[in-house]
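Here's a quick look at one model, heading by heading. Have the viewer open as you read.

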Amino acid sequence: MRRARVLLRSASLVFVLLLAACGAQEAPEGDLSAPRREPSPPPPTPTAKWSDAAAWPSGRVPVAGDDVVVPAGTVLLLDVTPPRLSSLTVDGALVFADRDTQLTAGWILVHGGLYVGSSRKPFSHSAVITLTGPETDASLGHMGSKFLAAMGGVIEVYGEMEGDSWSRLDRDARPGDTAITLRDAAGWRAGDRIVIASTDFSGYEDDGDPQFEERTVTAVAGNVLTLDAPVQYFHQGTLMSVGGISVDQRAEVARLNRNVVIRGDEQSDDTQFGGHVMVMPGGRLRLDAVELYRMGQRGRLARYPIHFHQVGDGGADSLVSRVSIHHAYHRCVTIHGTNGVLVEDVAAFRTYGHCFFFEDGDETGNELYGNLALQVLRPPADDAVLPSDYSYLG
């Protein structure tokens, strides 16, 4: 699917980009596909295993509640699911074995490298990184708590996914329908969790029920998806003609799930103090086909699901591609004092405040392609970091 492109090379002040939420149009003539970054090299070859007591300076495998450090010079294979850790600092390298794995820690700080799959060999099993730090205003450096952060290090996470993060309806979906037709469902599978965008003027009925509908796909036949429950609302799926001009208001449909997940813990839903991913100067982040949810910390500055913080021109080494960010608490992707980041085919759903956000307005060379923001909500005024997060008039 060819998508509309937004290419930012000027230093204009841009607070929010809601690409496609109001119906991104087809790209004009010419090749406007996103330029690809050079493929990442494969992860370093492990020299030891997490499960091997001899790999640890203490002579024992970490236990629940430990503050764990992967020493510099060690390339550790994560071959087991560790117990819940208080913290994890990666001075060397940590490489996920391609097996079902969960990694749970209060926070994770990467000075060396954290690798889940690679660009040439995506991770093929289930990997879940859960951040559990307490709600606090205390801060480790500039990162706060409950974070996954690269400070002079590399975080590379590649999930396994075919096709795009989102498509459009290709036929009207009417109340009671148990199947929908997409324009392009290549790579979509039974078990996918999806959201169908509202095509109502406000996105809400008079009683306040949102017209964004979450469903699970039970079967795929060509571009037809069978759903686990009937559609409740009408969703536009055909082109409209207004004064003889063709207008594309077809509902977007986004995939929310990935086989690799970065998330906050369950109590995040009560506190809206979720996890956050932060890239500091000298760091590099490459996320492809990754799911983020229960992320961001509402009302707290610099605590967003994905945050590039003062990386400068080093942003040219980073990318965020085919990522889903949903049921989050504060923004989606924030680029602050960072140039050259590639953000493409990101599907964001149900978050608060500006979604795709440039913090200072002097960031240059960042490229955003085919990104989708659905149901971006206003936080309470007391939790608005900027007046424009809360007020449409700023």
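## The disulfide

The S-S torsion of Cys332 and Cys355 sits at about -100°, so this disulfide is left-handed. The sulfurs of Cys332 and Cys355 are 2.1 Å apart, and a disulfide here is a pair of cysteine sulfur atoms within 2.5 Å. By that rule the count is one disulfide.

The pair ties together distant parts of the chain, 23 residues apart: Cys332 is in the loop between β27 (324–326) and β28 (333–338), and Cys355 in the loop between β30 (347–352) and β31 (356–358). Strands are DSSP runs (E, at least two residues), numbered from the N terminus. Both cysteines are buried, i.e. under 20% relative accessible area with a 1.4 Å probe, protein chains only.

## Ground rules

This is a predicted model: local features need pLDDT of at least 70, side-chain atom pairs need 80 or more, and totals for chains, interfaces and linings use all residues. Residues are numbered from 1 along each chain as its sequence is written, and side-chain values use heavy atoms, with hydrogens and water left out.

## Around Tyr158

Tyr158 belongs to strand β12 (residues 154–158) and is buried, at 5% relative accessible area. Beyond its neighbours within four places in sequence, its contacts (heavy atoms within 4.5 Å) include Ser40, Phe123, Val260, Arg286 and Asp288.

## Nonpolar cores

A nonpolar core is a set of buried Ala, Val, Leu, Ile, Met, Phe, Trp, Tyr and Cys residues joined through side-chain atoms within 4.5 Å. The largest has 55 residues, and Leu88, Leu94, Phe96, Leu292 and Ile325 have the most contacts inside it. Apart from that one lies another core of 14 residues, among them Trp188 and Val231.

Key:
Helix = DSSP H or I, 4+ residues; strand = E, 2+ residues; numbered from the N terminus. Buried < 20%, exposed > 50% of the residue type's maximum accessible area, 1.4 Å probe, protein only.
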